[in-house]
Amino acid sequence: MVTDPISDYLTRVRNAMMAGHKVVEIPASNIKKEITKILFDQGYVLNYKFETDTPQGTIKIALKYDKLTKLPAIKKMKRASRPGLRKYAGAKELPRVLNGLGIAIVSTSKGLLTDKQARSQNVGGEVICYVY
């Protein structure tokens with residue numbers, strides 16, 4: 001059993017990118033599916049697929065690399081709020097990652113949103129992670 005499934009998700013993606021893998025498989029949950037959708041919409045992953053081959057299901061993520069330099073699209077993924085120390089921010093205090101070049105994924109009352117979307121909808125929440 002994993003005590004922090006979101007950290008496990010981020011670590012699996014980070015390790016697969018450092019190893020140069022094309023695809024990574026992760027045990028599914030609703031929050032992991034939403035994080036994957038956000039990463040795809042923001043252009044950090046090439047594609048994704050939700051499979052229901054097991055009762056829990058899996059997420060297959062096709063990782064994105066630069067064609068010339070073969071560097072991964074995601075430079076860094078960092079967990080902000082963790083089970084031991086939760087980080088909350090109001091709509092006005094939401095963090096800007098790399099002055100707007102990266103994204104912060106925020107869990108709000110309207111679902112998982114990027115920091116820019118949460119700011120435009122004027123909602124705050126728990127800052128899950130930073131991606132750039």
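## Aromatic and charged side-chain contacts

The charged end of K33 lies over the ring of F50, at 5.4 Å from the ring centre, where sitting over a ring requires NZ of Lys or CZ of Arg to be within 6 Å of the ring centre and within 35 degrees of the ring normal. This is a predicted model, in which local features need pLDDT of at least 70 and side-chain atom pairs count only at pLDDT 80 or more, while totals for chains, interfaces and linings use all residues. Residues are numbered from 1 along each chain as its sequence is written, and side-chain values use heavy atoms, with hydrogens and water left out.

The structure contains two aromatic pairs, a pair being two rings of Phe, Tyr or Trp (its six-membered ring) whose centres lie within 6.5 Å, with planes under 30 degrees apart called stacked, over 60 edge-to-face and the rest tilted. In the edge-to-face pair of F40 and Y48, the centres are 5.2 Å apart and the planes make an angle of 75°. Y48 also pairs with F50, in a tilted arrangement with 5.1 Å from centre to centre and 45° between the planes.

Accessibility is classed as buried under 20% relative accessible area, exposed over 50% and partly exposed in between (1.4 Å probe, protein chains only). F40 counts as partly exposed because its relative accessibility is 31%, and Y48 is likewise partly exposed at 24%. F50, at 31% relative accessibility, is partly exposed too.

A search of the whole structure finds eight salt bridges, each defined as a side-chain nitrogen of Lys or Arg within 4 Å of a carboxyl oxygen of Asp or Glu. The table lists three of them, including one between D4 and R79.

| Salt bridge | Closest N to O distance |
|---|---|
| D4 and R79 | 3.0 Å |
| E51 and K49 | 3.8 Å |

The bridge between D4 and R79 links distant parts of the chain, since D4 belongs to the segment before α1 (5–19) and R79 to strand β4 (residues 77–79), 75 residues apart; helices (H or I, at least four residues) and strands (E, at least two) are DSSP runs numbered from the N terminus. D4 is buried, at 13% relative accessibility, and R79 is buried at 14%.

E51 counts as buried because its relative accessibility is 18%, whereas K60 is partly exposed at 27%. Through shared partners, salt bridges join E25, K49, E51 and K60 into one network.
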